[in-house]
Amino acid sequence: MSAAQDLHDPEREQLDSQWLYRQGDLVLGPLTGHQLVEKLYAGAVTGKTEVSATGPSGFRKLEELDGFRLHVSKAAAKQRVEAEARALRSRRMRQRLLAGGVALMVLGGLGAGAWQIARYSSVYLPGVKGDELSIEMSVPVITVAKRSGSEELFEYPGEPKQRTPEKTPGKPTETVPEKTDKPEKVASAAPVAKPDRRPTGGRPSGRVTTDPDGMSTEVNYDQAAINRVVKQSQATLYRCFKEEAERRPGFAAKVPLEFTIGNDGRVAQLWVDHPQLKKGPLFDCLLGEMKKWPFKPYTGERATVNLAFTIGKK
């Protein structure tokens, strides 16, 4: 009877038996059939794992044994479901990470853009004074440039005044007058000065007397156009003053500037009438920006523009 029962209930017999199983080159065990089933559902063994109930010989695959075949199928289905669940969680995690990265990039781009806009506004836009720095410009004064391009237009305390070489005083050169019935007249080295016909505004033209020795100069530059360019471009110099304020904490001063506009419409020379700022980073920055100012080309004597910036805290 017992033999007949075993034929009808092989699963129970196999589950109650002691089993050895292979893991790589090792033979482990013994374990009961129930313990093997637990390892099967835990994923420690699979249907391909070889087991033996008769000793070191007679190993067969677990999926080939009738008592374990149903458990092998269930464990495989369980492993597939868990693998799909893990894959779904992994995809969702990647999607969340990707969305978070995109959000961070967008926020970073917006932040960088806002910083650039604030920086540009504080430096270049007229009337915008960042970091509590006040910058004011005086009304430009436009005059005819001196004849000597190498002569200093400003005199600084303690520095000898530079002059161009002059001829040794002597008898003035005179021309031999023609013999006429009229009284003799001595001809000067320059033509007789004509009355000053300087226009009251707009574009000066013609000849005006500007030199103390009576030499006439031709003035063809447009004062109104020069004033417009200075007004439109003055804000480009704010960056230079702000950088100087960063280099000199507490920087506050009145900085007079004088520059000459060449006949090609570009700034040719710049003088800074401040003992500590005659040369250096501020001078280089100012000259670099002013060389970009688009004045109109003209002929005749060059124009000199005087203006001053007052730098200080509010």
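Reader: In the disulfide that C240 and C285 form, how far apart are the sulfur atoms?
Author: This is a predicted model, where local features need pLDDT of at least 70, side-chain atom pairs count only at pLDDT 80 or more, and totals for chains, interfaces and linings use all residues. Residues are numbered from 1 along each chain as its sequence is written, and side-chain values use heavy atoms, with hydrogens and water left out. A disulfide is a pair of cysteine sulfur atoms within 2.5 Å. For C240 and C285, the separation is 2.0 Å.

Reader: Which parts does the pair C240 and C285 tie together?
Author: Helices (H or I, at least four residues) and strands (E, at least two) are DSSP runs, numbered from the N terminus. The tied parts are 45 residues apart in sequence, because C240 lies in helix 6 (residues 238-247) and C285 in helix 7 (residues 281-290). The names are helix 6 and helix 7.

Reader: Is the disulfide of C240 and C285 left-handed or right-handed, and why?
Author: The torsion about the S-S bond is about -70 degrees. The disulfide of C240 and C285 is therefore left-handed.

Reader: How many residues of helix 7 are buried?
Author: Buried means under 20% relative accessible area, exposed over 50%, partly exposed in between (1.4 Å probe, protein chains only). Both C240 and C285 are buried. Helix 7 is mostly covered, with a buried count of 7 of its 10 residues.

Reader: In strand 4, what is the bridge partner of E50?
Author: Two strands pair if DSSP finds at least two bridges between them. Strand 3 (residues 50-52) and strand 4 pair in the antiparallel sense, over 2 bridges. The partner of E50 is K61.
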